[in-house]
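Here are my notes on this one, as promised. Have a look at the model first, then read on.

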Amino acid sequence: MADVLGVDQNYDLVTQYGFAFRHKFIFQKFSTDFPSHTLYQSNNAKAVRSVIDGIITKNSIRYITAMGHGMYAAFTGQNGAIVWDAAEDLSYLKGTIVHLLSCQTGASLGRKMVADGVSAFWGYTVNFAFRHEGQPPTELSDDTTAAIYLRMDAIIDRGILAGKKSQPIYDSVQSYVARVIPQLTPADRATLLDNYVHLVCPSTTWGSPSVTL
Amino acid sequence: MSLFTGIIERMKDGIELNDDELEQPVSLDASGKVITIGDVIAVKAPLNVQCAFAPRVVTTNKVRPVTELGKEELKGLTTAFLKASDPKKELGIVGVGNYSLPDLIKHVENETAIGDRMIQAVKNYAVFVEEAVRSGKVTRKEKGGHVVLPEFDF
């Protein structure tokens with residue numbers, strides 16, 4: 001049983017897509033799929049440092065899953081305000097598992113988080129990109145093209161929440177890509193592969209491969 | 001072992017290709033002419049795989065691996081690749097923005113950070129395709145249809 005923090009934003013079309021699919025794949029049936037965990041969410045206007053830090057310090061958060069803009073050394077919240085910066089002391093995150101669906105943060109911020117005590121980090125060392133319909137459907141989570149990409153990332157969350165170690169989760173991601181990629185168009189294949197090859201996790205150097213929630 | 005070995009080993013039947021996709025650019029020859037997946041199959045696929053596709057004549061020294069291409073050549077390849085993709089789709093980059101096909105081509109031409117990412121993605125894809133072809137992991141797409149996503153394992 002663990003306290004879980006979800007951070008999501010919806011300030012532009014791309015983050016709205018992320019928001020819609022993370023809701024569909026992870027949060028919508030959270031209490032049914034992962035009944036032993038308690039979910040705290042810090043979304044949209046509340047996806048800012050003061051609120052996020054407050055939740056972390058007031059609860060025993062063991063897993064943080066966040067979606068938003070990232071740079072190599074920082075993750076930002078709603079409208080670009082910095083939430084975590086590699087230049088700062090991040091030891092208050094000690095013992096947590098962190099997964100960031102954002103661009104680039106796997107390169108530097110993730111390593112710094114692990115150096116400061118985060119047990120395991122999942123993220124991407126370059127931009128996380130996904131193709132979607134130029135005329136998005138009314139319900140963004142109905143976009144079958146965008147689903148291809150965001151489902152891959154949701155495997156990480158569902159694996160961690162199910163108490164899996166990093167290798168079975170990474171294997172599941174790899175199996176997913178192997179099953180889906182033959183069916184895609186060339187441009188979709190290139191984009192999905194680019195996300196896959198830049199995924200970093202505890203099975204490489206970003207934390208302990210044996211840690212579970 | 002490459003970045004893609006694990007994926008290629010796990011692929012059951014290989015990349016499904018229709019006739020249009022056989023013409024997808026994946027490299028250039030010495031004169032700058034586009035090399036397609038079909039060309040790579042004709043030269044580098046196992047014989048049984050070559051036989052599954054329409055035969056075509058390609059001289060073996062014509063197909064240059066994408067890893068041998070210079071920056072300008074990669075820009076040309078990426079532009080050709082993008083122009084062959086579905087113009088109705090757009091690319092979202094989390095927290096950065098949304099890009100149409102013409103936007104992406106401009107970024108490639110202007111060598112912006114986004115353009116450089118596109119070039120790297122297309123280069124990686126070409127390496128993946130060549131490895132899949134060499135491994136015989138390509139197959140003819142028998143019919144159209146939508147993508148079937150597997151259920152979550154967890």
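1. For the 213 residues of chain A, a compact globule would come out near 17 Å, and chain A has 16 Å, which agrees. Its C-alpha atoms fill a box of roughly 45 × 35 × 35 Å along the principal axes.

2. Housekeeping: this is a predicted model, where local features need pLDDT of at least 70, side-chain atom pairs count only at pLDDT 80 or more, and totals for chains, interfaces and linings use all residues. Residues are numbered from 1 along each chain as its sequence is written, while chains are lettered from A and ligands numbered from 1 in the order in which they are written.

3. Chain A has seven helices and 10 strands (DSSP runs numbered from the N terminus: H or I of at least four residues for helices, E of at least two for strands).

4. In chain A, 55% of the 213 residues count as buried (20 or more other C-beta atoms within 10 Å of the residue's own, with C-beta atoms placed from the backbone).

5. Now the interface: 54 residues of chain A meet 39 residues of chain B (contact is C-beta atoms, placed from the backbone, within 7 Å). On the chain A side, α1 (13-27), β9 (129-133), α5 (144-161), α6 (166-180) and α7 (186-197) each supply at least two residues.

6. Look at the strands, too: β9(A) pairs antiparallel with β4 (residues 89-93) of chain B over five bridges (pairing takes at least two DSSP bridges). There, A:Ala129 has B:Ile93 as its bridge partner.

Notes. The radius of gyration is taken over C-alpha atoms; the globule rule is 2.2 Å times the number of residues to the power 0.38. A residue is buried if 20 or more other C-beta atoms lie within 10 Å of its own, exposed if 12 or fewer, and partly exposed in between; C-beta atoms are placed from the backbone. Two residues are in contact if their C-beta atoms, placed from the backbone, lie within 7 Å.
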